[in-house]
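Here are my notes on the pockets. Please read them with the model open.

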Amino acid sequence: MPAIELHDLKKSFGSINAVDGLDLVVDEGICLGLLGPNGAGKSTTMKMLTGQAIPDSGVIRVLGYELPGEAKQARAAMGVVPQLDNLDIDVTVEDNLRIFSRLYRVKDIDAAVDRALDIARLQDRRKDAVDELSGGMRRRLLVARGLVHSPRLFLLDEPTVGLDPQIRTEVWDLIEELRSGGTTILMSTHYIEEAERLADEVAVVAAGKVIARATPEGTDRRACR
Ligand SMILES: Nc1ncnc2c1ncn2[C@@H]1O[C@H](COP(=O)(O)OP(=O)(O)O)[C@@H](O)[C@H]1O
Ligand SMILES: [Mg+2]
């Protein structure tokens with residue numbers, strides 16, 4: 001069973017066909033890069049996968065669940081990293097992770113928080129307020145927060161857009177570790193280097209459709225210009 005199956009997925013906003021007959025299958029255990037220019041429909045696709053947007057038509061299956069009906073079950077088994085940092089700056093690093101662990105009904109919260117701190121390499125900053133962290137630390141925490149419930153599927157929407165090169169490399173290292181640990185990853189990006197570096201397979205999206213599917217070496221570089 002694939003981790004994700006999308007068939008003839010459509011979503012429009014007024015006269016804009018944001019997603020326009022998109023087909024995509026993501027096998028378990030791979031990192032798939034959804035590569036496409038701004039406005040291609042990547043975020044809209046991601047939002048339909050998490051149940052934040054309802055498709056006009058088409059089929060969505062995530063980890064064996066049919067969306068939007070079973071969005072709740074699907075969400076419980078997936079981790080999500082939003083494009084924009086929405087960490088809670090009023091509480092500590094540790095409490096950010098604790099709150100999410102509770103939301104996801106994790107049984108052993110202390111263990112989950114500890115593991116996430118290891119992933120983020122923030123054990124020594126656990127009692128600090130989020131606004132005392134560097135940009136790179138915040139990003140690592142944002143990624144680790146999406147992993148507190150050990151999801152089988154991890155979705156990252158443009159995980160490094162607008163980041164400094166050094167922070168980008170830190171996030172890449174984290175994704176690389178996850179990928180080698182066997183988590184299925186769907187990552188959208190408009191950076192070809194990011195797709196080349198991290199993805200086992202790339203699906204090129206333009207105008208709401210997947211127009212090409214390739215391993216990174218074989219991807220048509222013109223597609224994203
Ligand atoms: N909530 C919305 N309301 C109106 N138009 C939207 C909305 N969300 C996305 N769009 C439009 O849909 C198209 C695809 O957007 P999006 O999925 O965000 O693309 P990407 O993430 O690839 O940049 C764009 O033309 C965008 O302006
Ligand atoms: Mg987007």
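1. The lining of the second largest pocket divides into 4 nonpolar residues, no polar ones and 3 charged. Here Ala, Val, Leu, Ile, Met, Phe, Trp, Tyr, Cys and Pro count as nonpolar, Asp, Glu, Lys and Arg as charged, and the others, Gly among them, as polar. The lining residues are Lys72, Arg75, Ala76, Phe100, Leu103, Tyr104 and Arg105. A pocket is an open set of points on a 1 Å grid over the protein atoms alone, where a 1.4 Å probe fits, with protein on both sides within 12 Å along at least five of seven lines; lining residues have an atom within 4 Å of a point.

2. This is a predicted model: local features need pLDDT of at least 70, side-chain atom pairs count only at pLDDT 80 or more, and totals for chains, interfaces and linings use all residues. Residues are numbered from 1 along each chain as its sequence is written, and side-chain values use heavy atoms, without hydrogens and water.

3. Where does the second largest pocket lie? Domain 1 (1-77 + 152-225) and domain 2 (86-151) both line it, so it lies between them. The domain bounds come from an automatic or database assignment. Helix H2 (71-76) and helix H3 (93-103) each give two or more lining residues. H2 provides the largest share, 3 residues.

4. The largest pocket has a volume of about 360 Å³. Its lining has 19 residues, with Gln52, Val80, Val81, Pro82 and Gln83 nearest the centre.

How values were computed. Chains are lettered from A and ligands numbered from 1 in the order in which they are written. Grid points are joined across faces, edges and corners, and a volume is the space filled by probe spheres set on the points. Helices (H or I, at least four residues) and strands (E, at least two) are DSSP runs, numbered from the N terminus.
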